[in-house]
Amino acid sequence: MRITSTSCICPVLVCLCFVQRCCGAAHHGSIKVTRNQTKHIEGETEVHHRPKRGWVWNQFFVLEEHMGPDPQYVGKLHSNSDKGDGSVKYILTGEGAGTIFIIDDTTGDIHSTKSLDREQKTHYVLHAQAIDRRTNKPLEPESEFIIKVQDINDNAPKFTDGPYIVTVPEMSEMGTSVLQVTATDADDPTYGNSARVVYSILQGQPYFSVDPKTGVIRTALHNMDREAREHYSVVIQAKDMAGQVGGLSGSTTVNITLTDVNDNPPRFPQKHYQLYVPESAQVGSAVGKIKANDADTGSNADMKYTIINGDGAGVFSISTDKETREGILSLKKPLNYEKKKSYTLNIEGANTHLDFRFSHLGPFKDVTMLKVIVGDVDEPPLFTMPSYVMEVYENAKIGTPVGTVTAHDPDAANSLVRYFIDHNTEEDRYFTIDASTGTIKTARIFDREETPWYNITVAASEIDNPELVSHVPVGVRILDVNDNPPELARDYDVVVCENSKPGQVIQTITATDKDNSANGARFHFSLDEGLTLNPNFTLRNNEDNTASILTRRRRYSRTTQDTYYLPVLISDGGVPPLSSSSTLTIRVCACERDGRVRTCHAEAFLSSAGLSTGALIAILLCIVILLAIVVLFITLRRSKKEPLIISEEDVRENVVTYDDEGGGEEDTEAFDITALRNPSAAEELKYRRDVRPEVKPLSRHHPSSSLDSIDVQEFLNQRLAEADLDPSVPPYDSLQTYAYEGHRSEAGSISSLDSATTHSDQDYNYLGDWGPEFKKLAELYGEIEPERTT
């Protein structure tokens, strides 16, 4: 089979087609494919030779974006077996076969029925086969070939990442790289110039340029100043076909912003400034602002303001507002118009972030002079001290002087001053003040132990101008007086052991006093002298504000007396000295030899029984649970339902207990078994009492005469048939009574009475693994010897 193609598009393909056709002419215009041949040699058996493939495939080419009215001719398939008589049928399979590519099954011509796009699919893999029309058998093996879609310039270059936003520092050198842009062309880069892109600049000259091959954008001017122009819009074009006429193009916009550098020094708009500040300005308050201009932005415009000289350097201070970049002038000391009416300040503003590349443009600082004029105002009275601290003893009488505050008019008029307390808080109501002298007095009796300190505010105003008011804080400390007797530091739980010895320390006590250490820091302990001598306990003062309780005799008994009371007298060292009496409660307890308390009288019963409170609670809880179980069991027994079947001969109710061993099955004397031999003893058929059968059995009654004469076997058969044919069962069962034991079984007795005389082959050793609960059973049936203990 041969392949011929008429799609010679370019000169290269023309040459290939020429060579192809020349080669085809040498073979009668075809590339041969040999058929499967079978050769018969006379006198020999049939020999099968391996078929030789005669396909020599060159790639087919089909032009993309074909818009003609007729299908596009792709090529031709031809087999050497095709004699032109139409006996050969060509079949085409694979990608696009039958939909995109069709073949004339007689001539082998291949056509493309659709317009193809190489950017979507570059080639198609197909399979060709020639078969005999008559036999429908293949003449040649199936072979594979490729149809490539040949590219045309139908895609313009595209900037996939545009538009671009980029920055470059101002004052950069000419030729500084800004950005590299890249355009992509979907056409075939290996074929012609369809995908060969050239870059050019459409807008942005003469400030920027672009490399036509790489797409690198560079600055084209020296010292581009951001302060003159900050934003640039550059349009870049990418054109394929190497920029030739007829090529397709695409463009993108590059927005370039010049970033700031510190190339502009700060400058004050004026060389001289004047500022008015009233003398009433508060210390630490801002009294003015000043600013030096800087054309730069961001950190390049940051600056610091300082006062470099002048007579007001000690009175004023300046700081920098980072947001507004202004110098904030503040007052360090109070102004006094009467003493100094003006100040002169030299203020410097300097950049904090310098770029030494542009130091030749400096210096990056500037100086201006500021004159501050102090304004005269009518000032409020001025206290001689910024705050006052006064003292008064507790329990002092109402009206006792505490202290005096003093204020004066700082103005030249020196007006008289009036004092008062605002009474804004509760503490201000505890004191009064003389409006003329400023003397503060008590308005109530104070208790230091309740409140040791009071804070009040005293105001002063000029009599001529009451609106001008000044305030001063006054702290009043309440001094201590020894007015609280000492007392025990806590409630002591004193325990004495029954086996205590005389002179043994059983407790150490301490005392506290609400007064401060100056009035009663030293305590003295003693027993009440007005009482008789205590024969059981004594007290020893340790001279360190503590006392020890000691025993006076040997052995104490809980049964005789389990509690003792010991009065203790405590006195302080204040002036005048105060004392108080407290009573200690001493319990008698049983102790270990090392002195640990084992039990006291309140726990004697429980300790003797060896049970704790938790154990008693657990025992009571168990008793309650057992009682609940018993009550529940009795309730269930009483509410138990009556059984469904009630029969006098129910074997569950006729349990006979006897302890004599019978004579076995041959013994007919010990028990009358006549009832077992007589079927007439059987009761009538009994049905379930809870459900009534819908259909009655076939036979329910038999005459007594027939029961006497009927055979037992026949009787059983009748009953069996009656049960089988009864449609009321299941679930409508009936109780069948067969009072017949039958003949002796040839298998013998299945009773376990005689099993003790025979040897069992069963192994009971596994019973030993069942645990201690089955130990006795393992000893009876197994071979384990019972454990013996001495």
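**Entry 1. Nonpolar patch.** I started with the surface. Tyr766, Trp770, Phe774, Leu777, Leu780 and Tyr781 form a nonpolar patch there. Together they have about 620 Å² of accessible area. I note here that the model is predicted. I then looked up one member, Tyr766. Tyr766 sits in the loop between strand S44 (734–735) and helix H7 (775–781). Its relative accessible area is 37%, so Tyr766 is partly exposed. The cut-offs matter for this call: buried means under 20%, exposed means over 50%, and partly exposed lies in between.

**Entry 2. Whole protein.** Next I took the totals. The protein has 7 helices and 44 strands. Of its 790 residues, 33% count as buried. The accessible surface comes to about 49600 Å². Carbon and sulfur atoms hold 53% of that surface. I took contacts between residues at least 6 apart in sequence; 67% of them join residues at least 24 apart.

Entry 3. I followed strand S8 (residues 109–112) to its partners. Strand S5 (residues 72–78) runs antiparallel to S8, and 4 bridges join them. Which residue of S8 is the bridge partner of Tyr73? I found His111 in that place. Strand S7 (residues 101–103) also runs antiparallel to S8, with 3 bridges. Here Phe101 stands opposite Ser112 in S8. S7 and S8 form a hairpin, with 5 residues between them. Gly108 is in the turn and has a positive phi of about 85°.

**Entry 4. Sheet S4-S10-S9-S6.** I traced an open sheet of 4 strands, in the order S4-S10-S9-S6. Its pairing is mixed. Which strands stand at the edges? They are strand S4 (60–63) and strand S6 (88–94). Each has a single partner strand, so one side of each is left without a neighbour in the sheet. The twist averages 30° from one strand to the next. I then looked at one pairing in this sheet. S6 and strand S9 (residues 123–132) pair in the antiparallel sense over 7 bridges. Leu92 has Ala128 as its bridge partner in S9.

**Entry 5. Sheet S11-S17-S16-S13.** I traced another open sheet of 4 strands, in the order S11-S17-S16-S13. The pairing is mixed here too. S11 and S13 stand at the edges. Each of them has a single partner strand, so one side of each lacks a neighbour in the sheet. Direction ignored, neighbouring strands of this sheet are turned by 35° against each other on average. For a pairing inside the sheet I took strand S16 (residues 231–239) and strand S17 (residues 249–259). They run antiparallel, and 9 bridges join them. His231 stands opposite Thr257 in S17.

**Entry 6. Cis peptide bonds.** I looked up peptide bonds next. Gly162 and Pro163 are joined by a cis peptide bond, with omega of about -5°. Pro163 is in the loop between strand S10 (143–150) and strand S11 (164–169). The peptide bond from Gln205 to Pro206 is cis as well, and omega is near 5°. I placed Pro206 in the loop between strand S13 (198–203) and strand S14 (208–210).

Entry 7. Met171 has phi near 60°, a positive value in a residue other than glycine. Met171 lies in the loop between S11 and strand S12 (177–180). Arg555 also has a positive phi, near 65°. I found Arg555 in the loop between strand S39 (546–551) and strand S40 (563–571). Is Arg555 buried or exposed? Its relative accessible area is 56%, so Arg555 is exposed.

**Entry 8. Ala443.** Ala443 lies between strand S31 (439–442) and strand S32 (453–462). With a relative accessible area of 29%, Ala443 is partly exposed. Which residues is Ala443 in contact with, leaving aside its neighbours within four places in sequence? I listed Ile398, Arg429, Tyr430, Phe431 and Thr432. I also checked the spacing to Thr432. The two residues are 11 apart along the chain, and 6.3 Å separates the C-alpha atoms of Ala443 and Thr432.

Methods: Residues are numbered from 1 along each chain as its sequence is written. This is a predicted model: local features need pLDDT of at least 70, side-chain atom pairs count only at pLDDT 80 or more; totals for chains, interfaces and linings use all residues. Side-chain values use heavy atoms; hydrogens and water are left out. Two strands pair if DSSP finds at least two bridges between them. Helices (H or I, at least four residues) and strands (E, at least two) are DSSP runs, numbered from the N terminus. Patches are made of residues with over 30% relative accessible area and no salt bridge: like charges are joined within 9 Å, nonpolar side chains (Val, Leu, Ile, Met, Phe, Trp, Tyr) within 5 Å. Accessible areas come from the Shrake-Rupley method with a 1.4 Å probe; for residues, only the protein chains shown count as cover. A salt bridge is a side-chain nitrogen of Lys or Arg within 4 Å of a carboxyl oxygen of Asp or Glu. Buried means under 20% relative accessible area, exposed over 50%, partly exposed in between (1.4 Å probe, protein chains only). Contact means heavy atoms within 4.5 Å. Axes are lines fitted to C-alpha atoms, for helices over the stretch in contact, and angles run from 0 to 180 degrees between N-to-C directions.
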